[in-house]
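The notes follow in the order I checked them.

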Amino acid sequence: QDEPTIKVLNKMNFEIGTLGNHEFDEGLGEFNRIMTGQAPLPGEFNQITEDYTHEASTQDIVIANMTDKNGNIPYGWEPYTIKTVKDGDKEVKVGFIGIVTTEIPNLVLKQHYQDYNFLDEAETIAKYDKILQDQGVNAIVVLAHVPAVSTNQVVSGEAADIMDKVNTARPDNSVDAFFAGHNHQYTNGVVGKTRIVQSTSQGKAFINLKAELDPETNDFVAVPDAEVTPVQAGVTEDPEVKAIIDD
């Protein structure tokens, strides 16, 4: 039930996550059980799963464009989170907005999505960009399970279309980085003033996105730089992660 995966992600110090379509495969209730480290119901799966040492995820789950039928984000998740980056006595707050593809109804069983509304991605990003900026948070990152692709640093696909719409609706938006997903394609380029990246899939590549933060403006100094590089052979295994996998 992917519980070892959570242990590995914890060891790798993943801090923030959002939803993709596979989080709906067995229903968000089961996904939330895994993320909160709860035991399954007796007989729900098998004895191995029941006896496994369950461990809660250390990630914040952010999802801004999905609500239940009452307009609430389920399971206590938030639309965004704010992380404080410190360097000595200086600090800058960075906002992270979570977005899932609105194609969910075409991708998963009806019983697993029928209780939720999926809201327009661009409108949602623009909404929470304003909410964050109103709090003085000008360094903003979008974590999105929406597709993208690039050729010679020219980005196309839904991620680019979404940011074009955000730039039209909110020309003064402060979305500096946009992590794409879903179609498993290499992506690295800029749309407007936003770096859009995607690292293929299944650990085949690694995004190293770097940017300088200015404590005076509470924003990135410039559009972030990024390298998307294949994971090479000969990497030294982390012993704690290897122990989880071996187990």
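I began with the charge pairs and counted 10 salt bridges. The model is a predicted one, and I read each entry below with that in mind.

**Lys83 and its partners**

I looked up Lys83 and found its side chain in a salt bridge with Glu15, at 3.9 Å from N to O. This pair links distant parts of the chain, with Lys83 in strand β4 and Glu15 in the loop between α1 and β1, 68 residues apart. I noted Lys83 as partly exposed, at 23% relative accessibility. Glu15 is also listed as partly exposed, with a relative accessible area of 47%.

Asp60 forms a salt bridge with Lys83 as well, and here the closest N and O atoms are 2.9 Å apart. Asp60 lies in strand β2 and Lys83 in strand β4, so this pair ties together parts that are 23 residues apart in sequence. I have Asp60 down as partly exposed, with a relative accessible area of 29%.

I then checked Asp134 and Lys130, whose side chains meet in a salt bridge of 2.8 Å, N to O. Both residues lie in helix α5, four residues apart, which is about one turn of the helix. In general, an α-helix has 3.6 residues a turn, so residues three or four places apart point the same way. Asp134 is exposed, with a relative accessible area of 56%, whereas Lys130 counts as partly exposed at 41%. I also noted that salt bridges with shared partners join Glu3, Glu30 and Arg33 into one network.

**Helix α2**

Glu30 and Arg33 sent me to α2, where both are buried, along with Leu28, Phe31, Asn32, Ile34 and Met35. Seven of the nine residues of this helix (residues 28-36) are buried, so α2 is largely enclosed by the rest of the structure. I looked for what covers the buried residues and found that the cover includes α1, β2, β3 and β6. Gly37 follows α2 and has a positive phi, near 70°.

**Asp68**

Which contacts does Asp68 have beyond its neighbours within four places in sequence? I found Pro74, Asp115, Tyr116 and Asn117. Asp68 is in strand β3 (residues 66-68). Asp68 is buried yet has no salt bridge, and the nearest side chain of opposite charge, Lys69, is 9.0 Å away.

**Cores**

I looked up the largest nonpolar core, which has 25 residues; Ile97, Ile99, Ile125, Val142, Phe178 and Ile196 touch the most other members. The elements giving two or more residues to this core are β5, α5, β7, α6 and β10. α6 gives the most, with five residues. Another core, of 18 residues, lies apart from this one, and Leu9, Leu19, Val100 and Val108 are among its members.

I listed the contacts of Phe178, leaving out residues up to four places away in sequence; they include Ile125, Val142, Ala159, Ile162, Met163 and Ile196.

**Surface and loops**

I noted a nonpolar patch on the surface formed by Phe206, Val231 and Val235, with about 300 Å² of accessible area together. Val231 sits in the loop between β16 and α7 and is partly exposed, with a relative accessible area of 45%.

Last, I checked Gly71, in the loop between β3 and β4. Gly71 is partly exposed, at 47% relative accessible area. Its C-alpha atom and that of Leu109, 38 residues apart along the chain, are separated by 21 Å.

Technical notes:
Residues numbered from 1 in each chain as written. Predicted model: local features only at pLDDT ≥ 70, side-chain atom pairs only at ≥ 80, totals over all residues. Heavy atoms only, no water. Buried < 20%, exposed > 50% of the residue type's maximum accessible area, 1.4 Å probe, protein only. Lys, Arg positive; Asp, Glu negative; His and termini not counted. Salt bridge = Lys/Arg side-chain N within 4 Å of Asp/Glu carboxyl O. Contact = heavy atoms within 4.5 Å. Patch = residues over 30% accessible without salt bridge, like charges linked within 9 Å, V, L, I, M, F, W, Y side chains within 5 Å. Areas by Shrake-Rupley, 256 points an atom, 1.4 Å probe, with all protein chains shown as cover. Core = buried A, V, L, I, M, F, W, Y, C linked by side-chain atoms within 4.5 Å.
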